Amino acid sequence: MMLEPGTLWKRTQEQTEFALQTGALQSIPTEYQFIEQDGILFFVRIVSNLARKENAKQQQDQKTKTSGKPFNPFLPYEEDLFVADLSPTHLCLLNKYNVVDDHLLIVTREFEAQENLLTLEDFQALWMGLAEIDGFVFYNAGADAGASQRHKHLQLIPLPLVPNGVKVPIEPAINSAQFLGAIGNCPQLPFLNALIRLDPLLVDSPEEAAATTLEFYYNLLSQVGLHGESGMKGKQSGAYNLMMTREWMLLIPRVQEGFDGVLVNSLGCCGAMLVKTEEQLQHLKEITPMTVLRNVCIRK
């Protein structure tokens, strides 16, 4: 049975409590600090214990070595992490090793590669989630964009991302975007980016929203010079991060996963960064967050 409208948040809370009790959900505790640079207050989480996640990664690598096939945590998925069926093509899971509360994964039922361009079905499932939860949706398109799993999945985190009243750290850059027609650019961000503002009323009709934002997505890809094997379909021509709220879509091409020891995915591109140690935090302060982003993205 597909998700009953108006129940995703309740299902998320119920399944989170259950998965914590069974040990299926293994949240990673963090502390945080802010680093201010160029009018943006970067939100930096310091992970206090990655041992469980790193141990799981070693087990996955061993399974891959033994079987000769890449390990896929989504086929089959862990039943205690299952939240809801979103559509005939997608389901919703809890992120097993979450550092952010209520972190959801929107996963294709059948294997599709994380380096494939998004489809109408992806956007339909995305809007099923976004209609229920006012959140931040993102897609790490490829390993160079911070993707850690090969199986196609989008991610959804409730807003705000930071505890200082700002929904997303780079909100000042979004608000000061300059537009030439429908597509804008954030001059405050010193790397290639493309932005489209969304009508907040789209959330009232997920099906219509999916078709509309799919076309917007194609336009953003074209704007930054990306495409697929066959037009706007199939395997992507380059890595990128796609970020969305109910109000905007932002696409940022990527050239590498990290710089100087700091790894960056979509959350990092939106100003919510992650470091493993206090020493790495101090190093990030010295080299600055924008230096990291300039080196993992395409400089203007």
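**View 1. Strand 2 is largely enclosed by the rest of the structure.** Seven of the eight residues in strand 2 (residues 40-47) are buried, so the rest of the structure largely encloses this strand. Buried means under 20% relative accessible area, with a 1.4 Å probe and protein chains only. Strands are DSSP runs of E, at least two residues long, and helices are runs of H or I, at least four residues long, numbered from the N terminus. The model is predicted: local features need pLDDT of at least 70, side-chain atom pairs count only at pLDDT 80 or more, and totals for chains, interfaces and linings use all residues. Residues are numbered from 1 along each chain as its sequence is written, and side-chain values use heavy atoms, leaving out hydrogens and water.

**View 2. Strand 1 and strand 2 form a hairpin.** Strand 1 (residues 30-37) and strand 2 run antiparallel, joined by eight bridges. Two strands pair if DSSP finds at least two bridges between them. Y32 has R45 of strand 2 as its bridge partner. Two residues lie between the strands. In the turn, D38 has a positive phi of about 55 degrees.

**View 3. Strand 2 also pairs with strand 17.** Strand 17 (residues 272-275) and strand 2 are parallel, with four bridges. Here V44 stands opposite M273. The open sheet has three strands in the order 1-2-17, and its pairing is mixed. Strand 1 and strand 17 are the edges; each has a single partner strand, so one side of each has no neighbour in the sheet. On average, neighbouring strands of this sheet are turned by 30 degrees against each other, direction ignored.

View 4. Axes are lines fitted to C-alpha atoms, for helices over the stretch in contact (heavy atoms within 4.5 Å). Angles run from 0 to 180 degrees between N-to-C directions.

**View 5. H153 carries a UniProt "active site" feature.** The feature comes from an unreviewed entry, and such annotations may be inferred rather than shown by experiment. H153 lies in strand 7 (residues 153-158). H153 is buried, with a relative accessible area of 5%. Leaving aside residues up to four places away in sequence, H153 touches F74, L105, I106, V107, Q114 and Y139.

Terms used
Buried means under 20% relative accessible area, exposed over 50%, partly exposed in between (1.4 Å probe, protein chains only).
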